[in-house]
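Please look over the aromatic side chains in the structure below. My notes follow as numbered points.

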Amino acid sequence: MKLELAGTIDVLIAFLLAPLLPGIINRVKAVCGGRRGQPLLQCYHDVIKLLKKGAVYSRTTSHVLRAGAVIAPAAMVAALLLLPVPGRRAVMSFTGDVVLWAYLLGVARFFTMAAALDTGSSFEGMGASREAFFSALCEPVLLLVLLLMGMHSSGGPVAALVAVALIIVLLSENSRIPFDDPNTHLELTMIHEVMVLDHGGPDFGFITYAAALKLWMYGMLFSAAAVLPVFRPEGWLPQTGVFLASMVVFAVIVGMVESLMARLRLTRVPQAILAGGALCVLAIAFALR
Amino acid sequence: MPIGAIVAIAGCIAGIIPALHVLVSALPVKHPAGILVDQLSAFFLFIILFVSALCALFAARTEKRPVTWFFFNLLVASMALTVCASDTILFLISWETMSLASFVLVIDGGARKASRDAGWIYFVATHIGTAFIIIMFMGLGAFPGANGGFATVALVCALIGFGTKAGMMPFHVWLPEAHPAAPGFVSALMSGVMIKTGIYGLLRAVTLAGGAPEWFGWLLIVAGLVSGVFGVVYALAQHDLKRLLAYHSVENIGIILLGLGTGFVGLSRGNTALAVLGLAGGLFHVLNHAVFKGLLFLGAGAVHHATGTREMDALGGLIKKMPWTAFTFLVGAVAISGLPPLNGFASEFMIYFGSFGVLRGGDMSLAGIAAVSVAGLALIGGLAAACFAKAFGIVFLGEPRTKQDQARPVTEAPPEAVLAMAVLAASCVLIALLAPLGIHLLAGPVSVVFAGGGIDIAQTKAELARAAGAYTGVAGIFALLLIFTALAALLRHVLLRGRRVEHSAVTWDCGYHLPSPRMQYTASSFAQPLVSFFRTVTGTLRAYERPTGYFPGLSRFSTRTGDLAWDKFFAPVFSAAAAQLGRLRFLQQGGIHLYVFMIMLALVALLIRVFW
Amino acid sequence: MLYETMMVVVILAGLVILGSSRIRMYIRMAALQGVVLGFLPLALERSLPAARTALLMAVAIVLKGVVFPWLFTRAMREMSVKRERSPIGGYSGAIIFGILAFILSLWLSNKWVLHPSLAGRTPEIAVPAALFTVLTGVYVIMTRKKALSQAIGYLVMENGVWIFGLSLAGEIPVLVELGMLLDVFVAVFVMGIATLKLQRGFGHMDADRLNELKG
């Protein structure tokens with residue numbers, strides 16, 4: 001295991017800038033739809049407002065609901081220590097650290113699902129059920145993507161395949177549009193958002209912030225998948241510059257996908273994830289040659 | 001406390017110390033009566049005794065009948081003897097004793113027909129397994145050191161025989177029948193510990209056959225993937241809590257076999273890292289599965305004891321009445337899903353670690369194994385998390401789905417039971433956090449299996465030391481995760497101090513004004529998307545009477561998930577066999593003289609054959 | 001690199017056909033495969049092609065990229081069928097089949113001992129890609145119910161054979177390939193007419209209901 005204390009700066013950058021990503025995505029969507037859209041910093045306002053509130057709990061709920069809201073951000077922060085900015089080292093790095101990273105996200109998801117079931121609401125049960133289904137299918141694709149990224153293959157078709165598979169996984173895992181709609185809080189279409197219906201106050205602030213951190217981390221993965229096969233930036237400033245630029249590109253891509261695509265029918269979602277798996281298998285075949 | 005429980009606990013504690021001594025000091029204990037405790041035996045012995053002691057503690061207050069305790073102790077003793085026997089006959093005797101003792105415990109569940117049927121399925125399955133094991137021993141005994149055809153047959157027989165005991169698909173059919181039928185602490189013992197003797201036997205058979213060829217490793221990998229993925233898929237489709245747990249044993253045996261398989265392939269390919277880490281990962285998972293599956297079955301037993309039902313769709317909200325059981329069950333659920341910061345992740349990580357290391361080597365088919373095992377483990381992990389979110393969420397969270405307190409109030413399990421579960425739950429945490437310090441202990445058992453395979457103990461230790469480096473990181477993150485969680489909880493506490501916090505609102509159900517507990521999501525509805533996605537495998541049958549008309553009456557919906565291996569293979573084979581063997585009925589006339597006559601006839605025929 | 005990229009495109013197009021329900025998508029993807037594969041000789045030779053090869057390329061590209069899609073689109077419009085309905089095994093099953101078929105093709109191609117004269121020349125991905133494409137075509141013919149989809153499956157199969165032929169044969173036997181193309185052309189033509197007749201005669205073109213013809 002290697003420790004890199006300079007990496008804490010990257011963690012701080014993530015803490016500060018993570019809520020900006022949803023803002024950029026929403027702005028892109030607004031521009032594409034011919035609207036002005038919400039402020040870029042909306043997510044910051046939301047989190048701060050929520051942290052200032054009191055709380056209301058259903059009498060059905062137990063400590064599990066309260067624990068879920070605490071464990072999710074904690075798992076995200078722990079996971080953040082394992083991801084590097086392209087060209088640098090993460091705070092902690094060892095063989096197989098990406099596996100731990102993926103499973104830390106799994107912890108957050110498990111407790112969010114448990115918290116949803118804790119409310120006894122059938123809507124939240126439905127959300128948890130779908131989340132469980134899609135994330136179980138995403139898991140092998142994500143692990144294969146991480147495996148492929150760890151192989152440090154050259155550019156070309158392999159890198160493109162990996163990037164596309166990664167985008168499929170990250171859209172599904174972050175409840176973005178072709179898989180889930182982050183804006184429809186009260187529709188039966190949604191998956192992730194419905195699970196947190198009964199969270200309020202600071203708990204919901206934690207959950208929102210954790211979701212932003214998760215999106216940020218997937219952005220870091222995307223940045224690594226897109227930048228590293230092309231070149232390896234040297235020096236702190238260029239690395240940071242390239243990284244932040246790629247994050248903006250990432251947010252724009254997600255925003256464009258959301259603007260251009262309709263939500264998939266639920267029966268189509270597993271197929272899309274399976275297609276991501278097929279891309280990974282293909283990429284492995286090419287990468288090993 | 002019943003004397004049987006005291007004897008069991010005292011015996012187990014007395015045995016654990018020498019077992020640990022052998023494991024740490026690497027000095028095998030030998031006795032001329034056919035006993036040899038080397039590090040592999042000691043490793044399994046430790047698991048058996050540790051979990052058995054806690055199972056006995058769990059039932060110390062609730063189980064009163066001496067008969068049960070007699071067979072419980074017999075089962076523990078025979079398991080311990082099985083892993084210590086160095087003599088074939090002694091091994092088979094203790095193996096058979098183990099099967100019979102557990103059979104009695106399964107049918108002991110009362111006069112219910114379901115228990116007896118389950119018992120008979122178990123009885124037949126385990127003896128078919130034993131038959132294959134005897135063939136294996138005869139083959140290896142008649143042709144020691146043989147290679148080619150005989151070794152192939154012997155290894156396949158070993159896999160079928162020991163695989164039946166371990167619950168490997170498609171020979172797992174007895175598990176989902178026998179485990180629910182037995183009382184909770186017995187199913188914890190059977191599922192957590194007894195099926196592991198199958199893994200032990202498999203490893204011994206491999207060393208006896210002089211090592212495993214590469215195809216055997218591949219076979220194990222395929223068997224592991226099939227058991228792992230389909231085990232968890234079947235588990236998802238279950239409504240019965242203990243049946244669900246039984247299918248998860250099939251899944252975890254799959255993970256163990258996957259580890260062993262990658263280990264053997266790595267060995268025959270000369271890849272030390274893959275060999276050591278695969279096998280060590282499999283063995284580590286044997287320990288971890290014993291701990292968390294024991295815990296989960298004890299929790300399920302406590303729930304069954306308190307509520308009188310195992311039907312998940314009838315339960316709910318138990319966390320309020322049984323907080324300790326719920327908390328320890330949650331720990332077990334997170335552990336079995338392979339999630340940090342618990343021990344389930346620790347052992348799966350070892351297999352991942354070996355697989356990630358292979359990719360740099362450039363060996364195409366080894367990299368293929370790595371990719372297959374990584375994808376397989378990830379899929380199994382994801383599905384297991386889904387399944388345990390369901391099991392924990394439906395049984396312990398929400399509101400009760402039916403009235404539970406009718407016969408007697410639902411209360412927390414007795415203190416002994418809670419203590420047993422708490423110790424197991426604490427072990428889940430401790431094993432994970434102490435893994436960097438403790439995994440070098442696996443070098444002993446691994447080197448026993450690899451003795452003569454070209455990997456010496458120094459290499460094994462070096463590989464495990466390399467893994468220990470990564471485990472330091474893992475344990476560090478585990479600790480940080482716990483610290484961050486505590487900090488976040490503290491932050492929430494500080495934020496909410498002095499503000500208005502309402503604890504008695506009604507769950508908001510999108511404007512519907514008469515929510516009732518019956519409207520909650522159930523285990524079946526939670527698993528429905530996944531089950532219908534895998535319906536070609538599970539063959540789930542649905543029966544649905546739709547509500548019709550303007551004033552609909554009662555409507556009905558039910559699903560039933562059979563078992564493909566049972567429905568399509570064993571049931572037809574057995575009924576065909578029964579039909580054929582029915583023709584021999586004429587021999588069974590009921591008169592004793594006829595039977596004596598037939599015995600004599602057989603003796604005479606044998607004598608003639610011998611002296612011809 | 002060029003060759004590999006081409007193969008990736010062809011395999012992905014096959015996967016899209018497996019996972020999609022729109023017949024228009026099938027036509028487009030099969031045409032994409034055809035056009036990409038039409039340029040395959042360029043990737044293999046890395047130089048300007050001989051006149052015969054150029055002719056073959058031109059014929060293949062025009063046929064597969066223009067003529068067949070046009071024919072299929074026309075048939076689709078006349079019969080007003082846009083979608084495949086409930087194929088055997090479902091779409092997820094088809095994608096899983098695709099993954100397994102690709103792994104099987106890789107495994108088979110590892111066992112395959114190429115003729116020594118080809119050892120250095122043939123790109124390693126050729127055999128699995130070709131096998132995979134043939135399997136895709138066969139699977140589409142087996143599981144899709146509309147006669148039109150089955151005709152497209154036939155075309156996809158031919159694309160796989162084309163990869164085999166071009167990548168494995170040292171010298172491209174122009175006559176053989178041209179003959180094959182002619183075969184496909186006739187087949188597509190006949191199928192087009194047959195489905196059209198089927199449609200007019202029965203009001204549908206579900207090939208699995210052809211047993212109505214038994215009388």
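1. B:F570 and B:F574 are four residues apart, about one turn of the helix, and both lie in helix 22 (residues 564–581) of chain B. Helices here are DSSP runs of H or I with at least four residues, numbered from the N terminus. The rings of B:F570 and B:F574 form a stacked pair, 6.2 Å centre to centre with 25 degrees between the planes. Rings of Phe, Tyr and Trp (its six-membered ring) pair if their centres lie within 6.5 Å; planes under 30 degrees apart are stacked, over 60 edge-to-face, and the rest tilted.

2. This is a predicted model: local features need pLDDT of at least 70 and side-chain atom pairs pLDDT 80 or more, while totals for chains, interfaces and linings use all residues. Residues are numbered from 1 along each chain as its sequence is written, chains are lettered from A and ligands numbered from 1 in the order in which they are written, and side-chain values use heavy atoms, without hydrogens and water.

3. B:F570 is buried at 11% relative accessible area, whereas B:F574 is partly exposed at 30%. Buried means under 20%, exposed over 50%, and partly exposed in between (1.4 Å probe, protein chains only).

4. Over all chains, the whole structure has 40 aromatic pairs. One of them, B:F72 with B:F185, is tilted, at 5.4 Å centre to centre and 40 degrees between the planes. B:F72 is in helix 3 (residues 66–84) of chain B and B:F185 in helix 8 (residues 184–194) of chain B, so this pair ties together parts 113 residues apart in sequence. B:F72 is buried at 0% relative accessibility, and B:F185 is buried at 4%.

5. Ring pairs also link A:F94, A:Y103, B:F345, B:F349, B:Y352, B:F353, B:Y471 and B:F478 into a cluster.

Methods
Helices (H or I, at least four residues) and strands (E, at least two) are DSSP runs, numbered from the N terminus.
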